[in-house]
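Please walk me through this structure, step by step. I would like the charged pairs, the aromatic rings and the meeting of the chains explained.

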Amino acid sequence: MLEIAIISTIKVIFVFVALLTACAYMTLIERRVVARFQTRLGPIYAGPNGLLQPVADLMKLIFKEDIIPEHVDKKIYTIAPLAAFIPATLSIAVIPFGSSITIFGREINLVLSDLNVGVLYVFAITSIGVYSIILSGWSSNSKYSLLGSIRSSAQMISYEVSMGLAVVSVVLVSGSLNLNVIVAHQENLWHIFSQPVAFIIFLICGIAETNRAPFDLPEAESELVAGYHTEYSAMKFGMFFVGEYANMVTVSAMATTLFLGGWQGPGDSGILSMFWFGLKVFLFLFLYLWLRATTPRFRYDQLMNFGWKVLLPLAILNVLVTAAAVLII
Amino acid sequence: MEYVIFFASAFVAIVCALLVISQKNPVASVIFLIMAFVAQAILYIQLSALFVAILQIVVYAGAIMVLFLFVIMLLNLRRDDFGPEKHPLQGWLTRIFGVVLVAELIIVIARGVSQSESVDTAASDFGNVEQVATILFTRYVFPFELTSILLIVAIIGAVVLGKRRAEEK
């Protein structure tokens with residue numbers, strides 16, 4: 001009992017630190033990569049190659065004055081950043097990030113919680129994440145925040161449906177809601193090859209869910225200043241920021257687990273499997289940056305039309321075909 | 001440990017439920033209702049009904065309460081908007097129905113306590129995905145399909161009403 005508790009605690013700390021480090025360095029990588037796309041250099045002065053920039057940013061955010069505007073609904077205004085940060089970090093708990101390693105003669109599975117409804121758990125936690133956006137927009141009492149939050153929540157609700165259906169077809173193929181079983185099922189054939197349509201739908205919806213370019217209408221700088229977190233400053237703003245990046249990491253990790261065979265790759269030692277997992281997640285994160293640097297923003301009606309009239313029918317059709325195929329084979 | 005979790009989440013659920021009806025700000029009420037739902041989901045997990053717990057969060061805390069919040073936000077409802085209680089009978093009727101409800105609860109709970117042994121046997125592997133699906137698609141397939149028709153009717157109704165309003169403008 002005690003042993004399990006200690007092992008779990010270490011794993012939780014490890015995953016939490018890894019996630020936050022990934023978020024922090026994602027900001028640096030993003031600025032450097034986007035700068036390269038625009039033939040600039042990006043931040044290079046803090047530390048070698050700008051490697052200490054995230055630390056500097058964090059210091060700045062912590063020591064900045066925390067301004068609470070006069071017209072806000074104080075309690076809800078304070079809760080909203082927490083509601084962004086906590087679900088974003090919780091959903092990583094069910095994702096298997098490696099096979100298993102042996103330390104001091106004990107075999108340790110590299111997943112925090114091996115739930116048999118893991119897929120649903122991720123969806124449950126993501127659906128809670130919408131509240132931070134709605135509440136921050138409403139409690140700020142500012143038109144930019146409210147417009148941004150209404151756009152964002154409408155977008156998240158619309159794209160969640162197609163995303164769910166894309167995942168359903170993967171679940172149909174592998175026959176389980178447990179993410180470990182889904183990974184094991186891809187031993188011979190990754191789902192990206194057997195479910196290409198679902199993969200593309202999941203990818204598009206994932207980008208829309210995390211409010212990233214080209215679906216970053218909620219934060220469209222030219223129209224909305226910054227969207228739902230316009231009125232936030234210092235670490236409260238920082239929490240929204242970290243939450244957004246943690247969500248990106250989670251969506252990338254989910255895409256890796258569901259479609260790219262999770263931690264599988266050549267070689268079967270535990271450390272190597274963690275490396276493969278990290279590499280695949282990084283590929284998706286790089287794709288995010290690539291899209292951000294090269295695509296213009298959607299218009300709102302285009303976004304809604306695309307979500308409801310293209311993606312949703314396609315996702316339903318894909319589920320139908322997959323179900324028929326599974327039934328026949 | 002189990003008792004600690006049980007009493008903590010039960011306490012949170014009850015306190016939040018009380019705060020839902022005592023708050024003046026409807027948005028605060030919604031937040032407390034969400035917290036009550038989450039606390040309830042923890043109770044389901046303790047009954048090893050993980051699937052039911054997750055559904056509780058996805059459907060109630062995740063979907064329905066978002067709609068609540070949307071309506072409250074977009075109409076910008078405050079307590080004053082509802083006005084004073086209009087009908088003189090209203091106060092009396094609430095009291096009568098309140099008493100009836102409490103009586104009903106007491107009867108049901110009393111009956112449940114006397115049969116409490118049956119709960120333990122059901123709890124062992126009750127409510128996982130396979131079981132729910134098997135029951136849903138065999139014994140209850142007709143009510144299940146009926147519900148989906150009801151939902152489609154509601155969706156079409158909403159679209160028709162929304163369209164008509166837009167045309168009048």
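A:Arg299 and A:Asp301 join their side chains in a salt bridge, 2.9 Å from N to O. The term stands for a side-chain nitrogen of Lys or Arg within 4 Å of a carboxyl oxygen of Asp or Glu. A:Asp301 is partly exposed, with a relative accessible area of 38%. On that scale, buried means under 20% relative accessible area, exposed means over 50%, and partly exposed lies in between, with a 1.4 Å probe and protein chains only.

The model is a predicted one: local features need pLDDT of at least 70, side-chain atom pairs count only at pLDDT 80 or more, and totals for chains, interfaces and linings use all residues. Residues are numbered from 1 along each chain as its sequence is written, chains are lettered from A and ligands numbered from 1 in the order in which they are written, and side-chain values use heavy atoms, with hydrogens and water left out.

Over all chains, the salt bridges number three. Side chains of opposite charge can pair when their charged atoms come close. A:Arg292 and A:Glu30 form one, with their closest N and O atoms 2.4 Å apart. A:Arg292 sits in helix 11 (residues 270-294) of chain A and A:Glu30 in helix 1 of chain A, so this pair ties together parts 262 residues apart in sequence. Helices (H or I, at least four residues) and strands (E, at least two) are DSSP runs, numbered from the N terminus.

A:Arg31 forms a salt bridge with A:Asp57, at 3.3 Å from N to O. A:Arg31 belongs to helix 1 of chain A and A:Asp57 to helix 2 of chain A, so the pair ties together parts 26 residues apart in sequence. A:Arg31 is partly exposed, at 38% relative accessible area. A:Asp57 is also partly exposed, at 23%.

A:Thr39 lies in the loop between helix 1 (2-37) and helix 2 (53-63) of chain A. Its phi is positive, about 45 degrees, although A:Thr39 is not a glycine. Most residues other than glycine have a negative phi. A:Thr39 counts as exposed, at 73% relative accessibility.

Another loop of chain A holds A:Gln186, between helix 6 (179-185) and helix 7 (191-194). Is A:Gln186 buried or exposed? A:Gln186 is buried, with a relative accessible area of 0%. Its side chain reaches the backbone oxygen of A:Ile182 at 3.3 Å. A polar atom of that side chain also lies 2.8 Å from the backbone oxygen of A:Thr257. Leaving out residues up to four places away in sequence, A:Gln186 touches several residues, among them A:His191, A:Phe259 and A:Gln264. Contact here means heavy atoms within 4.5 Å.

The whole structure has 12 aromatic pairs over all chains. Rings of Phe, Tyr and Trp (its six-membered ring) pair if their centres lie within 6.5 Å; planes under 30 degrees apart are stacked, over 60 edge-to-face and the rest tilted.

Now turn to chain B. It has seven helices and zero strands. Buried residues make up 21% of its 169 residues. The rings of B:Phe37 and B:Tyr60 have centres 5.3 Å apart and planes at 40 degrees, so the pair is tilted. B:Phe37 is in helix 2 (residues 26-46) and B:Tyr60 in helix 3 (residues 50-75) of chain B, 23 residues apart. B:Phe37 is buried at 15%, while B:Tyr60 is partly exposed at 38%.

B:Gly62 also lies in helix 3 of chain B. B:Gly62 counts as buried, at 9% relative accessibility. Not counting residues up to four places away in sequence, it touches A:Ser127, A:Tyr131 and B:Ile57.

That leads to the interface. Chain A gives 21 residues to the contact and chain B gives 20. The area buried between the chains is about 1800 Å², with 85% from carbon and sulfur atoms. Buried area is the accessible area (1.4 Å probe) that two parts lose on being put together, summed over both. In chain A, A:Tyr131, A:Ile134 and A:Trp138 lose the most area to chain B, together 33% of what that side buries. There are zero salt bridges between chain A and chain B.

Technical notes. A polar contact is a pair of N or O atoms within 3.5 Å; within protein, one must be able to donate a hydrogen and the other to accept it, and residues adjacent in sequence count only if both atoms are side-chain atoms.
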